[in-house]
Amino acid sequence: MIFFSTSKSSAPVSLKKATLEGLAPDGGLYVPSEVPRFSPEELSLLEDGTFNNIAFAIAKKFAGAEIPLDLLSGLVDECFDFDTPLVGIGEETFVEELFHGPTLAFKDYGARFLGRLTGLFAAEENRMITVLVATSGDTGSAVAYGFDGIPNTRVVLLYPSGKVSRLQEQQLTTAGDNVFALEVKGDFDDCQRLVKQAFVDPDLKKALTLTSANSINISRLIPQSFYYAWASMQLARRFPGRTAAFSVPSGNYGNVTAGVLARMMGFPIGHFIAASNANDSVTRYLDNGRFEPRPTVKTMTTAMDVGNPSNFARLLHFYDHDFRKMGEQITGISVTDQETAATIRSVYEACGYIMDPHTAVGYRALEEYRNTHKGSGYPGVVLSTAHPVKFDDAIMTAINREVPIPEEMLEVMARPKKATLIGNGYAELSKFLQNLDR
Ligand SMILES: *Cc1c(COP(=O)(O)O)cnc(C)c1O
C-alpha cells in the first residue's frame with residue numbers, strides 16, 4: 001500500500017518508509033492513498049472471528065505486500081496477547097475496555113504494533129533506530145513497553161523528576177535493557193525542549209537514526225482501527241441490521257481518526273461522538289466550520305488536554321475539508337470537569353462500574369447525544385481509554401473508594417527502578433546519546 005502526505009508536496013512512500021519516518025518531509029501526516037475496503041463476503045467471513053483474526057485481516061490489507069503473511073500473523077499475535085472486553089452496562093450501552101495491555105491504557109495498542117513494525121523494518125534495513133520521547137507519563141510508558149526487547153530498536157525517554165505518579169514512574173523505569181529512562185531535574189517543558197534540541201542537532205544526526213513515536217505515525221493509527229472493527233462486528237451480531245455509535249474521549253483525535261478508517265473499510269459503524277473536555281477546538285469546528293485552536297487548558301482529564309490536536313489534519317483529509325460532511329458522521333460534545341466527576345459517581349451508583357475520568361467524558365457525551373437525538377437508534381460503545389487505577393485520586397474524590405491495583409501491575413510495581421538522573425541543560429542529554437553505542 002502507498003501512503004501520501006496530507007500536505008501533498010512529498011513523494012508517496014511505502015509502509016516501511018512511513019513507519020520509519022513518522023512525519024512526512026513536507027510536515028504533513030501520512031494517509032493511505034486509498035482506504036482498503038472489505039466486501040460484504042469478506043465481512044461475513046469475519047463474523048465469528050476473534051480479535052486477532054480481525055486485526056490480521058486489516059493488517060494484511062495495509063502491509064500484505066511488504067511483510068510475509070506468516071510473519072505478520074505472528075506479529076499481530078505478539079502485539080495483542082491480552083483481552084479487549086466489551087462490557088454491557090445498561091440496555092444498549094457497552095464499555096469497550098482498552099486498558100488490559102501492559103501499561104493499562106489504550107496507547108498500548110498503537111505502541112506495541114509500532115514497536116514491532118519498527119523493529120522488523122529496521123532489521124531489514126540493517127539499522128538501529130533510536131526512539132526519543134519526552135513524556136509527562138502515559139505515552140512514554142506505552143512506548144517503553146511497546147519497544148521492550150525489540151531488536152534493532154532502543155528507546156530513550158525523558159520524564160520530569162517528581163512530576164509523574166508512582167505507578168507511571170514504575171512503568172517508565174522498569175522495561176527491558178533497550179529502554180533508557182532519563183529522570184530530568186526540571187518540568188515537562190524542559191523535557192520537550194531537550195528532545196526538540198536533539199532532533200535538530202547535526203552532530204547527533206551523524207551518529208544516530210533518531211525517530212519520535214508520537215501519535216502522528218501511521219503505524220500507531222492502523223492498529224487502533226482493530227478494536228472498532230472488533231466491537232462493531234460483535235454488536236452487528238447482537239443487533240442485526242443496526243450499526244453502532246462509538247463515543248471516543250479525544251485529545252489529539254488520533255483515536256477517533258482510527259474509527260473513521262474502520263468505518264471507511266466497511267465495518268458496521270453508524271456514528272461517532274468525539275467527546276472533549278474544555279479543550280474544544282474540534283468541537284467548535286464541527287459547530288461552525290472554523291478551526292481556531294486555543295492555548296491548552298488544564299482539566300482533570302489530563303490526557304485530553306490538547307489545544308491544537310495533531311491528528312486534525314487527517315480528519316480534514318478524510319472528509320475533504322468539509323465540516324458539514326464531517327458533521328454527518330461525527331458529533332462533537334464538550335464535557336466539564338464537574339460533569340465528569342458527577343458521571344463517575346452516577347455510573348457507579350447505578351451499576352457498580354468504576355470508570356476512569358476519560359472514559360466518563362465519553363460516557364457523558366453519549367448520554368447527551370442520545371438526549372438530543374431521540375430515536376437515533378444506535379447501540380452505543382464508549383471507548384474506555386484507561387484503567388481507573390491510573391487516576392485513583394479522581395476516583396477517590398468522586399466516589400470515596402480505592403481502586404485495587406490489578407494483579408499484572410503488582411509484578412511491575414515490585415521491579416527495581418532503572419533511571420539516570422540528569423540536569424535540564426542540553427550538554428548532559430547530548431553526552432548520554434553520543435555514548436549510547438560505546
Ligand atoms: C491519549 C489519551 C486520550 C486521547 O486520545 P487521542 O487519540 O489523543 O484523541 C484519551 N484518554 C487517555 C487515557 C489517553 O491516554
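A: What follows describes the residues around the ligand and their contacts with it. This is a predicted model, in which local features need pLDDT of at least 70 and side-chain atom pairs count only at pLDDT 80 or more, while totals for chains, interfaces and linings use all residues. Residues are numbered from 1 along each chain as its sequence is written, and side-chain values use heavy atoms, with hydrogens and water left out.

The ligand is surrounded by 14 residues, where a residue counts as near if one of its heavy atoms lies within 4 Å of the molecule. The closest of them are Lys107, Gly251, Asn252, Tyr253 and Thr385. By class, this shell holds six nonpolar, seven polar and one charged residue, with Ala, Val, Leu, Ile, Met, Phe, Trp, Tyr, Cys and Pro taken as nonpolar, Asp, Glu, Lys and Arg as charged, and the others, Gly among them, as polar.

A polar backbone atom of Asn252 lies 2.7 Å from an oxygen atom of the ligand. For Tyr253, a backbone N or O atom is 2.9 Å from a ligand oxygen atom, and for Asn255 a backbone N or O atom is likewise placed 2.9 Å from an oxygen atom of the ligand. On its own the ligand has 390 Å² of accessible area, of which the protein covers 96%, the areas coming from the Shrake-Rupley method with a 1.4 Å probe.

Terms used. Polar contact = N/O pair within 3.5 Å; in protein donor to acceptor, adjacent residues only side chain to side chain.
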